[in-house]
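This report describes one protein chain, part by part. The structure comes first, and the description follows it.

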Amino acid sequence: MQALNYLELAGKLDRSGIGTAVEQQRRALAETDVDVRTSPWAGGDPVSGLRRAVTDGDAFADFDLAHCNMIGPGTVAVARYARRNGVPLVLHSHVTSEDFAESFRGSTYLADPLQRYLQWFYSLADLVLCPSEYTRRTIGSYPVDAPIRPISNGVDLDSLEGYEDCRQEYRDRFDLEGMVVFSVGNVFERKGLTTFCRLAQETDYEFAWFGPYDTGPQASQTVREWTQDPPENLTFTGWIDDKRGAFGAGDVYLFPTKAENQGIAVLEAMACRKAVVLRDIPVFEEFYTHGEDCLKCETRAEFRDALAELAANPDLRERLGENARETAEEHALGRVGQELKGIYHDLVDDTTY
């Protein structure tokens, strides 16, 4: 079987959670009998596809199934091609109106019209995949007229090997010492930026946020204010080339996000045996258990108490970290690849009769 695994605007999304999720899908499928192509266009790119359309009458390459991971016009073109030609269409819901809000300047105002668009768009699919049961309920409520199935984004355990060896280099680079409270990923208010910064102001620990942030006109005012004038004990590192450095340098992974579909970086922190502190939101109920593989908090006071408890009790940090590693292993890419393979074969087989 040849399956299209398509990420529109891949070059602009390579530093995003969506880009990571798609890269992991492809790594997972590489261990199966599915032959993956990443471009839908004949000739490998849109310009070549247009040339083929003029000369041969078809802009699209051949594939048995289309699995698309974004929501833009290129993806809509692929979806329409698939529907016209009886090619099974899988749309992966990495984007909801709920997690789009508070991501960049103006995004909150666009959340409602985005929801109406997503209702139409996801309804084109033969199957919608999403990272969690929470996301399934969310997009199902729009409503979406297509079957919806949760599948974990997974975690690439191999990509994190050697994180311990990066510890001193990255602590020296960013002048970090003692118990370092950290986060990893794009700096958005939705991901709990203000709570993270307030906790830095209210405690004496070192804080670090490893990840890029916007400074241009698209940046939200909140992101601009915090990154330009952070608390003295908080470092915004910007983009780092090796994520293992972040997980090696940090000690307690703090993620006070307001909305999430799963959270790949949480699984990565757990894979690195870090103590994890999360905001107690519905999606995390599916995957993580308070007191076993993480601590969950609702208020800033609870977050402060959790950090104090972890600072005073290294044994608790170690126990949570070991349990967290077991949780991460349940989301290994081998399992994700086998599940995707089964989904693809079922959809293709259904269209051959």
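Which residues does F210 touch, not counting residues up to four places away in sequence? F210 touches F174, L176, F182, S183, V184, G185, T237, G238, I240, A246 and A249, where contact means heavy atoms within 4.5 Å.

## Basis of the description

This is a predicted model, in which local features need pLDDT of at least 70 and side-chain atom pairs count only at pLDDT 80 or more, while totals for chains, interfaces and linings use all residues. Residues are numbered from 1 along each chain as its sequence is written, and side-chain values use heavy atoms, with hydrogens and water left out.

Domain 1 puts 25 residues into the contact and domain 2 puts in 24 residues. Between them the two domains bury about 2000 Å², 50% of it on carbon and sulfur atoms. Buried area here is the accessible area (1.4 Å probe) that two parts lose on being put together, summed over both.

UniProt, in an unreviewed entry, places the feature "domain: Glycosyl transferase family" at residues 177–326. UniProt positions are given in the numbering used here, feature names are shortened, and annotations may be inferred rather than shown by experiment. Over residues 177–326 the chain is 42% helix and 18% strand, and the end C-alpha atoms are 28 Å apart. Helices (H or I, at least four residues) and strands (E, at least two) are DSSP runs, numbered from the N terminus.

## Nonpolar cores

A nonpolar core is a set of buried Ala, Val, Leu, Ile, Met, Phe, Trp, Tyr and Cys residues joined through side-chain atoms within 4.5 Å. Buried means under 20% relative accessible area, exposed over 50%, and partly exposed in between (1.4 Å probe, protein chains only). In soluble globular proteins, nonpolar side chains tend to be buried together.

The largest nonpolar core has 38 residues, of which F210, Y253, V266 and Y288 touch the most other members. Among the elements that give two or more residues to this core are β7 (180–184), β8 (206–210), α10 (243–249) and α14 (314–329). Helix α11 gives the most, with six residues. Apart from this core lies another, of 36 residues, among them V76, V78, L89 and A125.

Helix α3 (residues 73–84) has 12 residues. From its first C-alpha to its last, α3 reaches 16 Å, close to the 16 Å expected at 1.5 Å a residue; the expected span is 1.5 Å times one less than the number of residues. The buried residues of α3 are G74, T75, V76, V78, A79, Y81 and A82. After α3 comes G86, whose phi is positive, near 70°.

E268 lies in helix α11 and is buried, with a relative accessible area of 6%. Not counting residues up to four places away in sequence, E268 touches Q24, V155, L160, K243 and F247.

## Backbone details in loops

The peptide bond from Y142 to P143 is cis, with omega near 0°. P143 sits in the loop between α6 (133–140) and β6 (148–150).

L9, a residue other than glycine, has a positive phi near 60°; L9 is in the loop between β1 (2–6) and α1 (17–29). R273 is not a glycine either, and has a positive phi of about 60°. R273 lies in the loop between α11 and β11 and is partly exposed, with a relative accessible area of 36%.
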